[in-house]
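Hi everyone, thanks for making time today.

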Amino acid sequence: MSSEPGSAQDSRQLLEDRQNGQQSHADRKLAAGKKSKAPSRWAIDVRPLRVPAYRRLWVGNGVSMYGMQFTAVAVPVEMYSLTRDSLWVGLLGLATLVPLVIFGIWGGAVADVMDRRKLLLVSTALTWLTTLGLLGQAVFEVGSPLLLLGLVAVQSAAFGISSPARQAIITRLVPTPLVPAALTLGFTTSQAAGVAGPLTAGLIFSAWTPATGLPLAYGVDAVLFTVSLWATYRLPSLSPLVEAGQPVDGAPPAPRRAGLRTIADGFHYLATTPVLLLSFAIDIIAMVLAMPRSLFPEVADERFGGGAAIGLLYSAIAIGSVLGGLTSGWIGRIQRQGLALVVAVVGWGVSIALAGLAHQLWLVVGLLALAGAADLVSSVFRQSMLQVYVPDRMRGRLQGVNITVVAGGPRLGDLRAGLMASSFGVGFAWVGGGLAVVVLAPLLALAFPALLRYRAPATPAE
């Protein structure tokens, strides 16, 4: 099978057009297709699926994300069955977060100096091999908590390397006007997998003992992850658009190799680009101050009597994101994306605060779902700005920073909520955090109006 299938010709044409400052081949295709039926005002925009390379990537990501949820459930189940100690289960979070942050930033730098398809192939294969390692140690009943921590750390590092490149290639695969729709499809699919995967994994562990359920869960993940490998293999070549070392605009030139200097250039570019810096800052405000997940067990037990309430609380935000994605046809038509981002973050804060005040389970779940829909909208606009605004030669490094924010923000939010709840009570920690976002997000936007002024470009940025 050829390593440059189908859409490689389109990719080469796109590279040639953009380097010559011409309208991209993909954008000409979009213009030629104007006569096709316009997307629904509300239904999710599926036009990016007409692009074969993106369609394969979307299928691969969706199937593999569903499979990864089996491992996400199986690993803590196995760790607790081995140790009977929640401290060891908590160490899994540390083993996941630290490599994800370190290798996410480094992987972003690597994604700017080499063919992103090759980087994705290597990192995806490493992720798949660690899943096979988890399967093997479960089948042979090795029973080592340290080995389990090590495999999880390696898998997280591989995922951290692949994530910046996987996000950075979206703008190379679809025309610029369809970037918000492509991102919405991806976010919606990942959230749907986040709901369906754990539920299916729960059925496995309810039907079988860990001795049987663990190999089955890891095996399902390993099999489904081969779809991601296939989709990555079928991508066209995604070499850097600009020759290494050649300065083109105010941003640093394309790097020749990944290193500390390259990473520092990425952070310097972010620090001197107010629109992007503010988009990260407002997301940190939303996640750190108003993420209530660590309060769910106490609220479920004391307010709703335990039982099924805990599952509903943990799934509510993801369910809202899925529903928001399915009714997101309007997102691609929004030009004032900066203002829309601020409004979505305020909507998140309002929904979280109201959920903290509610005492009927159905109302809490409904308001958390509304918060999840607002979170999807804010995520799409923030990622759209990052995809389109940033030059291709910087996109990998900025996606690496994005991985750090996305991974670290909610976890810091869990810590903040837990500390506040232990000192001031659950109600203050939950409601106060939401209200803080409602106040601070608009203040940040008014103090630094570059974000409010941002509009989606009418033509491709590259």
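Let's start with Arg397, which is buried, with a relative accessible area of 4%. What does the side chain of Arg397 meet in a salt bridge? The partner is Asp112, at 2.7 Å from N to O. This pair links distant parts of the chain, 285 residues apart. Arg397 sits in helix H16, residues 392–424, while Asp112 is in the loop between helix H4 (86–111) and helix H5 (116–139). Asp112 is buried too, with a relative accessible area of 2%.

Please keep in mind that this is a predicted model, and every value I mention is computed from it.

Now stay with helix H16 for a moment and look at Asp392. Asp392 forms a salt bridge with Arg172, and the closest N and O atoms are 3.4 Å apart. Asp392 lies in helix H16 and Arg172 in helix H7, residues 170–173, so this pair ties together parts that are 220 residues apart in sequence. Are Asp392 and Arg172 buried or exposed? Both of them are buried.

Here is where those two pairs come together. Asp112, Arg116, Arg172, Asp392, Arg395 and Arg397 are linked in a network of salt bridges.

How many salt bridges does the count come to? The count is eight. One more I'd like to show you is between Asp45 and Arg47, with the closest N and O atoms 2.8 Å apart. In this pair, Asp45 is buried, at a relative accessible area of 7%, whereas Arg47 is partly exposed, at 24%.

In general, two packed helices are described by the angle between their axes and the distance between the axes. Take helix H14, residues 337–357, and helix H15, residues 361–389. Their axes come within 8 Å and cross at roughly 160 degrees. Angles over 145 degrees count as roughly antiparallel, and H14 and H15 are therefore roughly antiparallel to each other. The crossing of H14 past H15 is left-handed. Which residues make up the contact of H14 with H15, by class? There are 17 nonpolar, five polar and two charged residues.

Conventions:
Residues are numbered from 1 along each chain as its sequence is written. This is a predicted model: local features need pLDDT of at least 70, side-chain atom pairs count only at pLDDT 80 or more; totals for chains, interfaces and linings use all residues. Side-chain values use heavy atoms; hydrogens and water are left out. Axes are lines fitted to C-alpha atoms, for helices over the stretch in contact, and angles run from 0 to 180 degrees between N-to-C directions. Helices (H or I, at least four residues) and strands (E, at least two) are DSSP runs, numbered from the N terminus. Angles under 35 degrees count as roughly parallel, over 145 as roughly antiparallel, 65 to 115 as roughly perpendicular and the rest as oblique. A crossing is left-handed if the near helix is turned anticlockwise from the far one by less than a right angle, and right-handed if clockwise. Ala, Val, Leu, Ile, Met, Phe, Trp, Tyr, Cys and Pro count as nonpolar, Asp, Glu, Lys and Arg as charged, and the others, Gly among them, as polar. A salt bridge is a side-chain nitrogen of Lys or Arg within 4 Å of a carboxyl oxygen of Asp or Glu. Buried means under 20% relative accessible area, exposed over 50%, partly exposed in between (1.4 Å probe, protein chains only).
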